[in-house]
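Dear colleague,

Please find the structure below, handed over for your use.

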Amino acid sequence: MKKPSRYLITAALPYANGLKHIGHLAGAYLPADIYVRYLRVQKKDVVFVCGSDEHGTAIPIQAAKESTTPQAIIDKYHPIIKENFEDLGIAFDIYARTSDPLHHETAQEFFTYLNSRGDFEVKETEQYYDEEAQTFLADRYIKGTCPNCGFPNAFGDQCERCGISLSPEMLIDPVSTLSGKPPVKRLTKQWYLPLDKHEAWLRKWILGEHKDDWRNNVLGQCKSWLDGGLQPRAITRDLDWGIKVPLADAQGKVLYVWFDAPIGYISATKQWAINCNKDWKPYWYSDETKLVHFIGKDNIVFHCIIFPVMLKLHGNILPANVPANEFMNLEGDKMSTSRNWKLEMQDYINDFVRKENGGPQMADVLRYYLTTIMPETKDSEFTWKGFQDANNNELVSILGNFVNRTFVLMHKLCNGKVPPLHATVLDAVDNVIINEIEGTKLKVENLLEEFKFKEALSVVMDLARKGNKYMQEKEPWKKVPANKEEPISADNQKQIDNCIHLCLQLTANLAIFINPFLPFTAKKLCKMMKVVDKMLEWKNGGRLKLLSVGYTLKAPELLFRKIEDEEVKAQVQKLEKASQSSAEQQAIAAKIQETGSSKVQEASNKVQESGNKPQDTATPALESNGKSQITIDDFAKIELRTGIITAAEKVEKADKLLKLQIDLGYETRTILSGIALYFKPEEIIGRQVTVVANLAPRKMRGIESNGMILMAEDNTGKLHFVSPDTLIEAGSRVS
């Protein structure tokens, strides 16, 4: 391509269905931010776009788990995710939403244009249908056994254990996640993107034009898909939640999330342009724009095969590179939300950034460690011990130590001012460090251009390491007479000046070089050196006159604090406890499923059938202890589900309240119940209860209660649990 005059950088749109963990951060957002910050200090025209992906089945599935609406879910998680990114220094030019009207309009226009050109195929095919729920099932609403690894809870689009991409037809013994029953196949009409027609072009473009500049893991996965033969891909779905297909004969259909979501990059760019009063079109239509997608490896097929076909048909530019990272594991195991084996960005922010001894520098500590273990070419692993070592042995002992020693010696030996450089007494050791300062810029620059962020950061830290070595070799403190009354000789003062001068210029260069990686630390260094952020521009890297001779600098401040063993131990225990709790809940659910009674299910079905019969208005009204009567419609508003008490404890300073953790099958709820006078906490663990699942949350004693358990009171005033007479699967509806 031509030398770019502008850059458009995208980071994968995260689902707004829950909190995001550090694996997500290291996979797409941190590398994208490093690259964008590098481009910005180069004074490039760059736009960095991202936003919440608020469609697809992940959203209504989470809404069902939290007994709320999809809109409530995205409104809850979008601002949290956006704030998490800001707290960790991810500096998007815009963080948009795919629920915004502008995105709906953009996606529908995109679909309409391709449809009008005949770029889609319309086919009537058999798809899985849930007869009980009376709905066609999207991939994520189908579970079964993975044909590749035998995992029994693989989804219809992907196995979360082995990572293989699937289709529902590939699953062994598929069942609907809505009813738990095997689905049937029914005919439905969908619109397809015929990827097979573009296979030859994709092969030439990916494996020919980009064989030397794309990562091997990206090329390898693309080749695997192409060698397997591409098939038409449905880009519409039978769902209620999503962007409506803008055709009269497509009622009840929405755009497939992986057709809609990447168009979010375009709509986000449009919104950014509106906000800035700029023209968005050159960023998507000019061949002078360099488009780079930062993603995780699970998104390669969408960003390297499907979206490029869409862009080519629509007349847009194609991505120049798609630097996809592999996965990051945690303490020896794959991160898993369902098993609570994860470190969410929010948890790290709460435990380190927002603590009294935290602050923005602790955000940089996470950025540093994640960059050093970034899974650029293979899976990597986050460990709390590794995190501690990276901070204490590298940031504190190397970078922080060098800067602190330099400032301390400047104030002690040079009156707190930048000393002059005496060319006449420069020696071989001085010249070596000068060459290192001047040569580092090009090394880092070349590595960043190749998206080798881990290696680039290593070069920067190596410069700090060489600064420490240089200072140790020069030993300026030894050139001060032992007798404080005796003046320093002129020659010794020049030696001191040269050492401190070069160390200060090296510090200024470190601020420039670490800025893309550790932006908060770079700003703190600028403050200590009393220089404006303009000094951080890339063109200043490698220069030896960044700090003026005679300029007074501030007193030294520690850049980083040590992380103690107790902090690491607490984090590991927290992780293990959360995982153990999750495992216990799953074991209870599995036990219930094993011992579930078909008679209870039959009885439940009979109750449901009788409840659905038309009400006989001639039947006399029953007495209800003075309560006003309700209709069957009123009763239908109440959602009753079975649950299992997995934990119970007394609420402090509340004699009657117990705080219960109740497994509802699809989630665990905290519910407060006034039964402490009748039951001991340890006696009711594992007890089955009936829960009013859609009761509005209520705070009591500062604790939010999300639901209510049903209890019966006998004529002596004693309370009894209202529950089936035998164990039934947690989360089962009570009708």
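I begin with the cysteines. The sulfur of Cys-276 lies 17 Å from the closest cysteine sulfur, which belongs to Cys-50, and this is too far for a bond. With a relative accessible area of 37%, Cys-276 is partly exposed. Please bear in mind that this is a predicted model.

Cys-503 is likewise in no disulfide. Its nearest cysteine sulfur, that of Cys-499, is 4.2 Å away, whereas a disulfide would require the two sulfur atoms to be within 2.5 Å. Cys-503 has a relative accessible area of 1% and is therefore buried. By this rule, the count of disulfides comes to zero.

A further group of cysteines is marked in a database record. In an unreviewed entry, UniProt places the feature "binding site" at Cys-146, Cys-149, Cys-159 and Cys-162. These positions span 17 residues in sequence, yet no two of their C-alpha atoms are more than 8.8 Å apart, so they gather at one spot.

Two members of this group may be described in detail. Cys-146 sits in the loop that runs between strand 6 (142–145) and strand 7 (154–155). Its relative accessibility is 2%, so Cys-146 counts as buried. Apart from neighbours within four places in sequence, Cys-146 is in contact with Phe-151, Ala-154, Cys-159, Cys-162 and Ile-164. Two of the residues in that list, Cys-159 and Cys-162, also belong to the annotated group.

Cys-162, for its part, is found in the loop between strand 7 and strand 8 (172–176). Here the relative accessibility is 33%, and Cys-162 therefore counts as partly exposed. Once neighbours within four places in sequence are set aside, the contacts of Cys-162 are Cys-146, Asn-148 and Cys-149.

Finally, I would draw your attention to a residue in a helix. Thr-507 is part of helix 15, which covers residues 490–514. Is Thr-507 buried or exposed? At 0% relative accessibility, Thr-507 counts as buried, because the limit for that class is under 20%. Not counting residues up to four places away in sequence, Thr-507 touches Phe-402, Val-403, Thr-406, Phe-407, Leu-525 and Met-529.

With kind regards

How values were computed. Residues are numbered from 1 along each chain as its sequence is written. This is a predicted model: local features need pLDDT of at least 70, side-chain atom pairs count only at pLDDT 80 or more; totals for chains, interfaces and linings use all residues. Side-chain values use heavy atoms; hydrogens and water are left out. Helices (H or I, at least four residues) and strands (E, at least two) are DSSP runs, numbered from the N terminus. Buried means under 20% relative accessible area, exposed over 50%, partly exposed in between (1.4 Å probe, protein chains only). Contact means heavy atoms within 4.5 Å. UniProt positions are given in the numbering used here, feature names are shortened, and annotations may be inferred rather than shown by experiment.
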